[in-house]
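Please consult the sequence and structure shown here.

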Amino acid sequence: MQEIFGYTELCRALQKQDEDIVHAIELVDFTKYHLECLRTDAGWDDFLTKVTCFCTKHKIKVVDMKGPYFPVGRPKRGLCNGAMNYHRFKVDMFVAVIDRQISELNGRFDEVSTQLLSCMAAFCPLRLFAAYDQEKLVRLATKFYANDFTSDELARLPWQLNMYVTHVRRDERFQNLKNLCQLSVMLVETNKHEQYHIVYKLLKLVLILPVATASVERVFSSMNYVKNKLRSKMGDDYLSNCLVTFVEREFFNQVKDEDVINRFQKGNRKVIL
């Protein structure tokens, strides 16, 4: 479990609010790659060597992989069905768990989703827009967001992208940007969002997607803590207020108790805190 789930730490990384799309794509690809390598015969041999060394170090009996398999906790007489320890531990357990992990990743990050995120990553401003790819951005607009653009905007998009990337690469104010949010803010501050309005429109659509997926899933996960069995009859307004304070707890932890008390006492209260 430690060996397999050690490669699947990307779930924690993807839940970070500041996770960049480019990093997310790399994490998914690297995780699939390492799981595929772990599934090979070389990966199994390396894993078996580590387990054998661990058992030898702690004086634990090493299982004979060439011997017959007997279920743990049951009498050995008459229970051997011809299965060998090698097949039981490698195929039924080791490979089966890895296949479930890969299947889960392929289900959540299928070809369409991966292609969408890959096209979105072409907007990344890191290293002077090193990930910029005009073909991917045009495909993003024509394939995934075709209904949000007119035919004239789609026809003008390639030329506007060429002018946009040349302009921002020469502008020193765009050199230290780290993510798409900072890029969007800088475009507005420099009034380039009006000059390259089609590019900025595509960027806004890209920024909406993480908010519409990760943030919403985070809120629904938080609901299990706020609305539990003991508070199953909460009203919508009260539930909404509790979720806001729970999800944005890092912000509300900075609020002083005196400010909350003063805000509460401004109304017609019968009780003085």
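## Y225 and F246

In this predicted model, Y225 is exposed, with a relative accessible area of 60%. F246 has a relative accessible area of 27% and is therefore partly exposed, since that class lies between the limits of 20% and 50%.

## Aromatic pairs

A pair of aromatic rings is described by the distance of the centres and the angle of the planes. The structure holds 10 aromatic pairs. In one of them, the ring centres of F123 and Y164 are 6.4 Å apart and the planes stand at 75°, so this pair is edge-to-face. F123 belongs to the loop between α6 (111-120) and α7 (126-129), while Y164 is part of helix α9 (residues 151-170), so the pair ties together parts 41 residues apart in sequence. Both F123 and Y164 are buried.

The rings of Y225 and F246 have centres 6.0 Å apart and planes at 20°, so they are stacked. Because Y225 lies in helix α12 (residues 197-226) and F246 in helix α13 (residues 236-247), this pair ties together parts that are 21 residues apart in sequence. Elsewhere, one aromatic cluster is formed by W44, F47, Y86 and F94.

## Charges over rings

The charged end of R249 sits over the ring of F246, at 4.6 Å from its centre. K201 lies over the face of F149, 5.0 Å from the ring centre.

## The surroundings of K192

K192 is found in helix α11 (residues 192-195). Its relative accessibility is 4%, so K192 counts as buried. Apart from neighbours within four places in sequence, K192 is in contact with H167, D171, R173, F174 and L187.

Technical notes:
Residues are numbered from 1 along each chain as its sequence is written. This is a predicted model: local features need pLDDT of at least 70, side-chain atom pairs count only at pLDDT 80 or more; totals for chains, interfaces and linings use all residues. Side-chain values use heavy atoms; hydrogens and water are left out. Helices (H or I, at least four residues) and strands (E, at least two) are DSSP runs, numbered from the N terminus. Buried means under 20% relative accessible area, exposed over 50%, partly exposed in between (1.4 Å probe, protein chains only). Contact means heavy atoms within 4.5 Å. Rings of Phe, Tyr and Trp (its six-membered ring) pair if their centres lie within 6.5 Å; planes under 30 degrees apart count as stacked, over 60 as edge-to-face and the rest as tilted. A charge sits over a ring if NZ of Lys or CZ of Arg is within 6 Å of the ring centre and within 35 degrees of the ring normal.
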